[in-house]
Amino acid sequence: AGQSNPTFHVATGGKEYVMRKKPPGKLLPKAHMINREYRILSALHSVGYPVPKPFVYCQDPSVIGTEFYIMQHVKGRIFRDLNLPGMDPAQRHAIFAAMIGALAKLHNINWNKIGLGDYGPKSDYCKRQVSTWGRQYEASKTSDIPEIDYLYKWLNNNIPKSAGKTSKRFCPTIVVTLTSCSFIAEYQSLLLLITAIVHGDFRLENMIFHPTEPRVIAVLDWELSTLGDPLSDVAYCCLPYHMVLEEMKGIVASYAFDHVPGVPTEKELTDTYCYYRGIKPPLLNWNFYIALSIFRSAGIGQGVYARSIQGNASAETAKEMGKTIPLIAKAGVIAAYAQSSEYSALDESYGSFGILKLSSRTLQLQKQIKDFLKKYILPAEKNVSNRWTNIPILEELKIKARQEGLWNLFLPGASGLSQVEYATLAELTGWSDFAPEIFNCNAPDTGNMEVLHLYGSDEQKREWLEPLLEGKIRSCYCMTEPAVASSDATNMALTITRDGDHYIVNGRKWWSSGAGDPRCKIAIVMGRTGDKSIERHRSHSMILVPMQTPGVKKIRPLTVFGYDDAPHGHLEVEFDNVRVPASNIILGEGRGFEISQGRLGPGRIHHCMRSIGRAERALSLMCDRVQNRVAFNKKLAEMNTIQHHIARSRQEIEQARLLTLKAAHLIDTKGTKAARKEIAMIKVVAPEMCCNVVDRAIQAFGGAGVCQDTILPYYYVAGRTLRIADGPDEVHLTTIAKMELREQTKAKL
């Protein structure tokens, strides 16, 4: 018998049928509309979707006392125990795969073509669901349950902005037209937001499987079906994963069912759904949909319990439901505050930040950046086309970031933040390589802006610093040369020769990061202005060279392990008799290394903290992976080797963070020169740590870890490259050793 609409087996004339009817007695408004069930069954059966064939609908209550309809009796297997006892792991996995495949197939049906264009409203589905189940609960309320009241309020305040928006049916090209910031958060899974046929109660026990095959042959109980947001069905199907409160043990049958070998994890199940629908995980706003499904489940349960008190419930266990409603509601509150596991570390004041006494403004900026990352940047990553043109999505997000005050935070003179305070923010931006640019805090622009801010003339600031701070132009930094060992910067051979009121620049640079961007208008070029008779560190200067100056030639983009980092790029650039005004020299001749030291101190803090952010994300991905992957009959997370990898990764991240924060603190309190040793140490420690953590994550992912499906290969390349960029490890290790020896010797005197 059905929990809501009584269901009967009818045998006559040697044939078998099933009858569904309304329950007797006073019913809630718009509940038990079996005419809708008959209509949806007829429509779906016409296109071959697995439902019982409907035969006849009778709306005359005088026949048996209520409306009813007759449908086909389908013989097969119904699984009421989610543990699927008696099956081996492979069989269990196949059953769940068939279930979620049937759901994806339903959501892909063109409801307009099968005559269901008026089957339900096509917008504001989630808002209507919250309102409907709130009213249903109030109408059947038997006692006060604070958790349900709280959950109802939370749902009303957290309805996703794009949930249930009306869209053109089956029009994937709509993706390229939705570029306004209000849609960015849902950009990667826009197809999920297209209106679909929603079952409303999709779960394993509401379907019949083939007698011997793992194949769904009939989906049952369409009482709650309508047009709406398909994610609500996916979430409702996943409710058992969230009924895991300790108090539920022995009361809720599905408690910890996913610990049974072969039963997929929630992530595996939702990833399978995404695969069948041709979309990319993770599912956005997942906590909202789970909380909504739990709220609806509590509402349904309360209705059944209320009918049991009235004496017209069809299920024998209906009275027992009264005990479970508060527990279900509590699970809903917990789910409401859960987030996608991939980004879960962003929700914590994790690591060493907790020991710092940060200003309230810094804490607020941390929260804003976390929210901005989760809501806009991370979801948009997979939809960015990295070619040699401006990226419209990033340009729009820059506008939004600036409106929210997340702009030029790296520059103390503009933001008012100390190096330590900004370091905590730089780590967060390391979670996405698009984030620094969106916040106008990206290299090499940050270093170049610092140079102009600290050492530039008023004219240089007006012409170049101001548009850089506005984000109107980009810049590049030209230092490394292909013809010499640039690890010894005094080897630089490019010449900057005075010629009256001008300088003439001749030479070749490479790894000029940012030079490929079409918005790159200015280069800071370092080269030799003095002859070899001048002291080594006083013979080089920095000069501003507009990229459109005659003689500036972009030779080629360089790849980093195959990545070209377009449109930013790392270019080889030739300067062939490039003539620029003498006023373009920065600070004066022979001051190049002096400027470099002032530029590289804060810049290395930023690089290292972003590396720590990358490592945090890699560790988060690794932990998620190993908890949702089974090999040799146990989760990877249960294997000692994996546990050791996780432990070492956490230790190394914490160590690197503390050392970097110490270096930032020394810059704040004693200046860059006093922090020289610590800056050299973090430049070695942070990239190496990042490589180690990412390498372990790649190992946990296996083949997926080295292909384009995750961010891990790019993170590994970024970490490995940083062991060369801004000076190779060996140079910094030598500096550290020399300073340590001097300090040790001095201490003994």
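This report looks at a sheet and a cavity in a predicted model.

## Ground rules

The model is predicted, so local features need pLDDT of at least 70 and side-chain atom pairs count only at pLDDT 80 or more, while totals for chains, interfaces and linings use all residues. Residues are numbered from 1 along each chain as its sequence is written, and side-chain values use heavy atoms, leaving out hydrogens and water.

## The sheet

Let's start with the strands (DSSP runs of E, at least two residues, numbered from the N terminus). An open, antiparallel sheet is built from 4 strands in the order 1-2-4-3, where pairing requires at least two DSSP bridges between two strands. Strand 1 (7-12) and strand 3 (54-58) are the edges, and each has a single partner strand, so one side of each has no neighbour in the sheet. From one strand to the next, the twist averages 25 degrees.

Strand 1 pairs with strand 2 (residues 15-21) over 6 bridges, in the antiparallel sense.

The whole structure holds 2 cavities of 30 Å³ or more. Here a cavity is a set of points, on a 1 Å grid over the protein atoms alone, where a 1.4 Å probe fits but cannot get out; lining residues have an atom within 4 Å of a point.

Terms used:
On a 1 Å grid over the protein atoms alone, a cavity is a set of points where a 1.4 Å probe fits but cannot get out, and a pocket is an open set with protein on both sides within 12 Å along at least five of seven lines; lining residues have an atom within 4 Å of a point. Grid points are joined across faces, edges and corners, and a volume is the space filled by probe spheres set on the points. Axes are lines fitted to C-alpha atoms, for helices over the stretch in contact, and angles run from 0 to 180 degrees between N-to-C directions.
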